[in-house]
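Visitor: I would like to learn how to read a surface feature in a model like this one. Please take me through a case.

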Amino acid sequence: MASQRDYYQILGVSETATTDEIKKAFRRLAKQHHPDRNPNNPQAAERFKEINEAHDVLSDAEKRRKYDQLRRYGAYAGAGAGGGRPFESRDFDLSDLSSFGGLGDIFSSIFGRRSEGGPVREEEEEIETTVSIPFRVAALGGKVPVTLRMPEVCPTCGGSGGAPGATFSTCPECRGRGTISFGQGGFAVTRPCPVCRGRGKVPSQRCPTCQGAGDVQIDKRLMINIPPGTDDGTRLRLKGQGARGRGDIVVVIDVEPDRFFRREGGGLDVTGVVPINLAQAMLGTRIKVRTLDGKRVVLKVPPGTQHGQRFRIAGQGIEKNGRRGDQYVEIRVEVPEQLTPEQEAAAKAFAEKAGMKY
C-alpha cells in the first residue's frame, strides 16, 4: 500500500463524511497535487497517488465498510477511533484473520498474498488518475491524451533485479520466504520482504538499469476515448493498461465548466445565456446562437420578452444512446447603468404615455 496514513486524514474529511463531501475533497486535492501541475515537485506524484488511493477506498461503500473495520482494529496509523479492544502483539499469518469477518482477505489485498511455500504473488495493480476535459468534449465525445508515470518490467534484467550474469542466493532478511512480519497498530502483519522484494533470493550484483528493483518508471501516453454525454465524475476503466501490462487504469473525468453552455442534472439538454438590451426585449429581435457542434442558428425573440425567459431549439442538445436533447436559450435583459439625455427623455415620454409612475 502506498501509504499508512489514515485515509480520512489524507482527504481532510471526518469519518462521518458523505459521499459528496469525499468527492469534493478528492477533486480539490487532485487538482492541487496533480503531477502535471507540479512538474518541479517530485513529491507531488506520491501525494497524488496517496489521494487517489484514499478516494478509491472511501468512495466505494463496500471498500469503505471494510476499511472502517480495519480502523477499529487499529490496523492503520492514527486510527484510534472505534470500538473493540486492541489485539495483543503477536506474529501471525494473514489467514489468522479469517475469523474476523473477512479481514484476512482485506489484509491480503493490502499487503500482498503469499502462496503456500512460495514467494509473494504480486497483485494486479490498479492505477487511478483524474483527467480534466472541456465541456464540449464531454458532451460530444472525442479523444483526450493522458500521460501517466508507471512501473514497467526492467528491459535489462527482465524483472529479476540482477545484473546480466549475476548469481542468486537466499535472501538473508527473510531467509527465502519472500515475506517478513512486523508490528503495526498493536499486532504484527506479514508483507513482502523489502530486501528481496518478495522474490526470496538476492542477486550477487544489482541490475545497473533498475538498481535491483526489477522495474523502471516510464511515461506512458494513452489516448482516452470519451463517449458522448459523459458526466462529471464518470470513471472510465482501461482494461490491461496498468503497470507492467497487468491491472487496469481508472480514469476519473472532471468536466470543466463552459463559458456559455451548462448541463443540469446529467440530462441531455443544455442551456446557454444570451444577453439582449432593453429595446430588443421590448420590441423583439433576431439573434444568432451558437450550438454545441459550432453551428449558428437564428432565434426569433418576440416583443415583450422577459428577463430569464427560455426558448427551445429542438434537437441541438447532447446525443446519447440514440436519444438527443434540446438546447435552451435563456434571455438576460441588460439595463444600461447610465442613460444619455436623449435616452432619458425618451424613457420618460414612454412612461408617461403608458401611465407609469417613476
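Visitor: Is Leu278 buried, partly exposed or exposed, and why?

Guide: The model is predicted. Residues are called buried under 20% relative accessible area and exposed over 50%, with partly exposed in between. Leu278 has a relative accessible area of 37%, so Leu278 is partly exposed. This residue lies in helix H7.

Visitor: Which residues form the nonpolar patch on the surface?

Guide: A residue needs over 30% relative accessible area to join a patch. Here the patch consists of Leu278, Met282, Leu283, Val335, Phe350 and Met356, and together they have about 600 Å² of accessible area. Helix H7, residues 278-283, provides the largest share, three residues.

Visitor: Why does Phe350 count as partly exposed?

Guide: The relative accessibility of Phe350 is 46%, so this residue counts as partly exposed. Phe350 belongs to helix H8, residues 341-353.

Visitor: What lines the second largest pocket?

Guide: A lining residue has an atom within 4 Å of a pocket point. In this pocket there are 14 of them, and Leu278, Met282, Leu339, Gln343 and Ala347 lie nearest the centre. The space in the pocket is about 330 Å³. H7 and H8 each supply at least two lining residues, and H8 gives the most, with five.

Visitor: How many of the lining residues are nonpolar, polar and charged?

Guide: Eleven are nonpolar, two are polar and one is charged.

Key: Residues numbered from 1 in each chain as written. Predicted model: local features only at pLDDT ≥ 70, side-chain atom pairs only at ≥ 80, totals over all residues. Heavy atoms only, no water. Patch = residues over 30% accessible without salt bridge, like charges linked within 9 Å, V, L, I, M, F, W, Y side chains within 5 Å. Areas by Shrake-Rupley, 256 points an atom, 1.4 Å probe, with all protein chains shown as cover. Salt bridge = Lys/Arg side-chain N within 4 Å of Asp/Glu carboxyl O. Helix = DSSP H or I, 4+ residues; strand = E, 2+ residues; numbered from the N terminus. Buried < 20%, exposed > 50% of the residue type's maximum accessible area, 1.4 Å probe, protein only. 1 Å grid on protein atoms, 1.4 Å probe; cavity = no way out; pocket = protein on both sides within 12 Å on 5 of 7 lines; lining within 4 Å. Points joined across faces, edges and corners; volume = space filled by probe spheres on them. Nonpolar A, V, L, I, M, F, W, Y, C, P; charged D, E, K, R; others polar.
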